[in-house]
Amino acid sequence: MKKQKSVEGSSSLVHLTEEILFAILDYLHGNPLDKKSFSLTCKSFKAVESRHRKTLKPLRSELLTTILNRYPYVTHIDLSLCPCITDNSLTVISIVCKSTLRSIDLSRSRFFSHVGLSNLVMNCSSLVEVDLSNGTELTDSAAAAIAEAKNLERLWLARCKLISDIGIGCIAVGCRKLRLVSLKWCLGVSDLGVGLLAVKCKEIRSLDLSYLPITKRCLPSILQLQNLEDLVLVGCLGIDDDGLATLKQGCKSLETLDMSSCPNVGRVGLSSLINGAQCLRQLILAYGSPVTLALADSLQKLPKLQSIKLDGCLVTCCGLKAIGNWCVSLKELSLSKCLGVTDEGLSSLVTNHKDLRKIDITCCRKITHVSVVNFTNSCTSLSSLRMESCSLVPKEAFILIGQHCHFLEELDLTDNEIDNEGLKSISRCSKLSSLKLGICLNITDEGLIHVGMCCPKLIELDLYRSVGITDSGIAAIACGCHGLEMINIAYCEKITDSSLRSLSKCSKLNTLESRGCPRISSVGLVAIAVGCKQLSKLDIKKCYNINDAGMLPLAHFSQNLRQINLSYCSITDVGLLALASISCLQSMTILHSRDLTPNGLAAAFLVCGGLTKVKLHASFKTLLPQPFLEHIESRGCVFQWRDKEFQVEVDPKGWKLQLQDTSEF
């Protein structure tokens with residue numbers, strides 16, 4: 001009778017149109033297992049789900065044929081989880097997908113050559129996007145193969161260090177429709193290749209030339225691109241003021257310019273480069289020349305400039321004041337790790353810009369409550385505030401943030417003097433989605449409870465080394481923040497299994513960092529495994545009481561787990577082998593787990609076919625057979641050997657004082 005009811009129930013769903021079923025599938029994007037459950041309902045639902053899916057991210061290259069036959073209408077294939085992709089793999093894709101494939105990501109894959117790329121390009125004529133980043137073994141032959149993709153619009157070649165001007169020239173001639181090109185760290189490409197690209201590919205809108213050995217010679221061609229919007233010149237040391245001074249006109253269409261780590265470019269060069277760039281909206285000059293009054297004055301003809309990032313620069317008070325005077329449309333200001341930022345300069349700027357949405361003053365150690373008073377009074381529409389390690393800001397100043405900045409979505413107060421009163425005030429920011437309170441030694445459960453009660457949209461919470469937090473505070477967060485996806489409770493030594501049981505109710509939790517919590521045991525881990533099915537990153541280093549009893553349920557329930565740190569845990573070969581059965585698992589760190597044997601490690605690595613990175617103690621390098629290591633590496637796994645001694649945890653306050661002492665030298 002039960003079987004008959006099931007059939008009747010499913011038969012009524014058959015009358016739903018494919019359009020309605022597609023609409024239902026569009027909503028099932030939160031948990032990847034939801035679509036799988038949908039397809040298992042009945043044969044017709046399985047067929048509908050096969051036709052609906054347009055994106056694939058397979059875990060195993062050996063299953064490509066089966067997967068592609070199941071999903072014949074995919075337009076985008078992401079192979080970033082498949083480190084071992086051969087020419088045969090690309091040939092299979094090209095035969096099955098043919099004209100439907102529009103995009104492929106090979107940025108984390110190796111072992112293929114120009115042969116596979118040629119087959120892919122010849123058969124998949126609709127390709128518009130290819131990511132070959134990190135292809136350190138690809139040569140000009142691969143570039144020549146890509147050049148046959150006549151409809152290509154977006155191409156990433158970052159770190160393809162063997163590709164030269166010849167290969168880029170082939171691409172420039174063959175791929176005339178290119179709109180986005182990334183040549184970051186392509187050290188074999190010079191002015192000649194970049195110039196050819198600019199001359200032949202007139203549709204380019206985004207160009208990344210970071211760390212290329214280019215000079216002023218290719219810049220005139222680049223700046224003549226009439227559609228260019230984003231130009232990235234990070235670390236181009238061959239570009240200097242003398243070369244830029246010869247430019248007659250900048251690029252009128254340019255909207256974003258990134259010249260970070262270009263120490264040879266100052267006021268003269270910048271003025272020439274942005275001359276006429278009336279559309280410029282974002283300017284990034286991080287780790288470059290000092291921001292003086294003269295340099296800031298060069299920005300006065302940029303009426304649409306909304307974002308300035310000066311991270312790591314020496315900033316003068318006059319320079320900040322001038323930026324405040326000239327940049328009338330400013331909405332984002334980043335001064336992270338800038339030397340020279342003072343209350344006078346910052347206060348002057350924020351007072352003139354009440355529409356600022358984002359401020360980053362990380363490690364600006366000279367500012368005090370004066371700056372906080374000014375930006376909280378003036379910039380009441382702030383959505384992001386980052387002020388890690390502002391050591392001169394007193395605890396009373398943080399109350400002002402909660403009183404005035406009610407639209408905050410991101411707040412980083414790591415390593416500050418904030419206390420429970422400040423946290424209570426900040427809880428008024430009900431739109432908070434990211435809150436970082438690491439190394440805040442003055443906060444306790446009393447303040448955190450207010451956050452849990454008043455910030456229901458919280459997605460990310462960082463409590464790293466905030467040692468005053470206990471199970472009560474975590475329980476309040478878990479109760480009030482049901483959408484929590486990431487939490488860091490590392491080295492909060494008062495945390496016990498009770499906290500993990502509370503967090504197990506947060507079904508969307510995907511990242512848990514709980515290293516250095518000695519009171520956590522396998523009991524708490526089991527609760528997380530059962531309740532948090534989307535868990536993908538887990539750090540339980542120095543959780544000494546976690547053993548095989550925690551690994552077995554974790555292996556059974558946490559099928560989305562991709563990264564785990566097991567260092568110092570009390571697991572044996574049995575627990576590790578169970579963990580290796582997780583098909584998604586890619587990265588493992590295993591240091592000082594004394595109950596593990598070479599045979600146990602070997603068995604686990606053989607079973608875990610998707611591993612891409614393993615960190616092991618150097619003592620195992622000679623205990624594991626060399627042919628075995630070579631076999632695992634041939635599957636795309638990289639071993640990182642560490643020779644660290646067994647570490648004993650120090651008192652958190654003592655640790656912080658020790659860190660301050662070393663920073664003085």
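How many bridges join strand β21 to β22, and in which relative direction do the two strands run? The legends below take up this pairing and then other close-up views of what is a predicted model.

View 1. Strand β21 (residues 563-565) is joined to β22 by 3 bridges, and the two strands run parallel. On the other pairing of β22 (residues 587-590), 4 bridges connect this strand to β23 (residues 613-617), again in a parallel arrangement. From β22 the chain passes through α26 to reach β23, in a β-α-β crossover that is right-handed. Helix α25 (residues 573-579), together with β21 and β22, likewise makes a right-handed β-α-β unit.

**View 2. The two faces of strand β22.** In a regular strand the side chains alternate between the two faces of the sheet. In β22, Ser587 and Thr589 point one way, whereas Met588 and Ile590 point the other way, and all of these residues are buried.

**View 3. Ala602 in helix α26.** Ala602 belongs to helix α26, which spans residues 598-607. With a relative accessible area of 16%, Ala602 falls under the 20% limit and is therefore buried. When residues up to four places away in sequence are not counted, Ala602 touches Leu624 and Phe628. Leu448 lies elsewhere in the model, 154 residues from Ala602 along the chain, and the C-alpha atoms of these two residues are separated by 44 Å.

**View 4. Packing of helix α15 on helix α16.** Helix α15 (residues 317-326) packs with helix α16 (residues 343-352) at an angle of about 0°, and their axes are 8 Å apart. Because angles under 35 degrees count as roughly parallel, α15 and α16 are classed as roughly parallel to each other. On the α15 side the contact involves Cys317, Leu320, Lys321, Ile323, Gly324 and Asn325, which meet Glu344, Gly345, Leu346, Ser348, Leu349 and Asn352 of α16. By class, the residues of this contact of α15 with α16 comprise 5 nonpolar, 5 polar and 2 charged. The buried residues of α15 are Cys317, Gly319, Leu320, Ala322, Ile323 and Gly324, and they pack against α14 (293-297) and β11 (307-309) as well as α16.

**View 5. Packing of helix α17 on helix α18.** Helix α17 (residues 369-378) and helix α18 (residues 397-404) pack at an angle of about 5°, with 9 Å between their axes, and α17 is therefore roughly parallel to α18. His369, Val372, Val373, Thr376 and Asn377 of α17 make this contact with Ala397, Leu400, Ile401 and His404 of α18. The contact of α17 with α18 has 5 nonpolar and 4 polar residues, and no charged ones.

**View 6. Helix α21 and its surroundings.** The axes of helix α20 (residues 445-454) and helix α21 (residues 471-480) come within 8 Å and cross at roughly 5°, so that α20 is roughly parallel to α21. Asp445, Leu448, Ile449, Val451 and Gly452 of α20 meet Ser472, Gly473, Ile474, Ala476, Ile477 and Gly480 of α21, and the residues of this contact divide into 6 nonpolar, 4 polar and 1 charged. Within α21, the residues Asp471, Gly473, Ile474, Ala476, Ile477 and Ala478 are buried.

**View 7. Loop residues with positive phi.** Tyr491 is found in the loop between β18 and α22, where it has a positive phi of about 65° although it is not a glycine. Its relative accessible area of 6% means that Tyr491 is buried. Asp415, also not a glycine, has a positive phi of about 60° and is found in the loop between β15 (410-412) and α19 (420-426).

**View 8. Ser182 in strand β6.** Ser182 is part of strand β6, residues 180-182, and at 7% relative accessibility it counts as buried. Apart from its neighbours within four places in sequence, Ser182 is in contact with Leu155, Trp156, Leu157, Ala158 and Asp208.

Terms used:
Residues are numbered from 1 along each chain as its sequence is written. This is a predicted model: local features need pLDDT of at least 70, side-chain atom pairs count only at pLDDT 80 or more; totals for chains, interfaces and linings use all residues. Side-chain values use heavy atoms; hydrogens and water are left out. Buried means under 20% relative accessible area, exposed over 50%, partly exposed in between (1.4 Å probe, protein chains only). Contact means heavy atoms within 4.5 Å. Axes are lines fitted to C-alpha atoms, for helices over the stretch in contact, and angles run from 0 to 180 degrees between N-to-C directions. Angles under 35 degrees count as roughly parallel, over 145 as roughly antiparallel, 65 to 115 as roughly perpendicular and the rest as oblique. Ala, Val, Leu, Ile, Met, Phe, Trp, Tyr, Cys and Pro count as nonpolar, Asp, Glu, Lys and Arg as charged, and the others, Gly among them, as polar. Two strands pair if DSSP finds at least two bridges between them. A crossover is right-handed if, with the strands pointing away from the viewer, the path from the first strand over the helix to the second runs clockwise.
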